[in-house]
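User: Please take a close look at the aromatic rings in this model and at what surrounds them.

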Amino acid sequence: MTDDLLALKTETDAALAAAGDLRAWDAVRVAVLGRNGSLTGLLKELGKVAPEERRARGAALNDLKEALTAAIDARRASLEEAALEARLAGERMDVTLPPRLSPAGLVHPISRTMEEMAALFGAMGFAIAEGPDIEDDWRNFGALNIPAHHPARQDMDTFYVPGLDADGRQRVLRTHTSPVQVRTMLNQEPPIRVIVPGRTYRADHDATHSPMFHQVEGLVIDRGITLGHLKGCLIDFLRAFFGIDTLPVRFRSSYFPFTEPSMEVDIGWNRKTGELGGGGDWLEILGSGMVHPKVLANCGIDPREWQGFAFGMGIERVTMLKHGIPDLRPFYESDIRWLRHYGFSALAPAMLHEGV
Ligand code: DAH
């Protein structure tokens, strides 16, 4: 290779090495191989070369062209690779999770109340029964002695579910946990002693009502059950649940279609301070009564042989009273700050020593 060709090779190699990106690289490429490029110029001048030298010069130019083209292509490949690597480095993200510094979660106050009720009533020999959220109108109303046009059906602001079930009964979202009384009596021989915690639904929504809420139902069926058993059981439960040994409890005559006699149960509190236990005011807390003979009969239990009592209460309501929670709505908002304030450690489950 003659000196001028060697010089072009050296010059081009240096320019390629100095080209830091694809734009600079392209400028080098055009300057060498472009229409007015240095190599192109040399090739054009080949015709002017003396015929005896032309062959050797032509071969040398061809070799040079091959070498330059290869060097230019190689530089492009390395610049592209570097650009890709730079982009990947820029877009890198850390997909590993940092360790959680605080406990993963807390027990919701509703769950906590249910656990406490299971513990307290469990100590009194109650089992837990469950039923479906979508009920039929016979179990939710009819079997409980609430006939078709009874005002209680309107009072409860029922959500009706379109369509009938397999037995041709209207489907409803259960308005209370009482239909599980019916299910339990139909499925189980007495004696029966169950509580039924669960979700219930009514078309009602304001600061103290939610369309979905929770109740706990209680049912005892045995021989020789009297109002005295009902009162003793509920007084023991209420005093243990609220943790006040001297909590005043009052039974006030009332009406429910499914019990006879029926009683509303009040606890003593101070209306002004909201403090439970004293103060001379009464706060209604639950409904109860002796299971109506018609309900027993509807559920295949002979009322001449078996008697029983039942009760029902709102879980949110007793939870709010016990823990001084002023508003119902945050119960369902999944706000972790609220839960940190009112929630309970999963490692401190409801203990029987709190109980009866
Ligand atoms: N089911 C009633 C309600 O939702 C509560 C209730 C009252 C349940 C008296 C009972 C009971 O078992 O005996 O308002």
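Analyst: Lys322 lies over the face of Phe241, 4.5 Å from the ring centre; a charge counts as sitting over a ring if NZ of Lys or CZ of Arg is within 6 Å of the ring centre and within 35 degrees of the ring normal. The model is predicted: local features need pLDDT of at least 70 and side-chain atom pairs count only at pLDDT 80 or more, while totals for chains, interfaces and linings use all residues. Residues are numbered from 1 along each chain as its sequence is written, and side-chain values use heavy atoms, with hydrogens and water left out.

Phe241 belongs to one aromatic cluster together with Phe121, Phe126, Phe237, Phe242, Phe309 and Phe311. Across the whole structure, the search finds ten aromatic pairs (ring centres of Phe, Tyr or Trp, the latter by its six-membered ring, within 6.5 Å; planes under 30 degrees apart are stacked, over 60 edge-to-face, the rest tilted). Phe121 and Phe237 are stacked, because their ring centres are 4.6 Å apart and their planes at 25°. Helices (H or I, at least four residues) and strands (E, at least two) are DSSP runs, numbered from the N terminus. Both Phe121 and Phe237 are buried, that is, under 20% relative accessible area with a 1.4 Å probe, protein chains only.

Phe121 also stacks with Phe311, since the centres are 5.4 Å apart and the planes at 25°. Phe311 lies in strand β10 (residues 307-314), so this pair ties helix α5 to a part 190 residues away in sequence. Phe311 is buried, as is Phe121.

A further charge over a ring is that of Arg112, whose charged end sits 4.7 Å from the ring centre of Phe344.

Methods. Buried means under 20% relative accessible area, exposed over 50%, partly exposed in between (1.4 Å probe, protein chains only).
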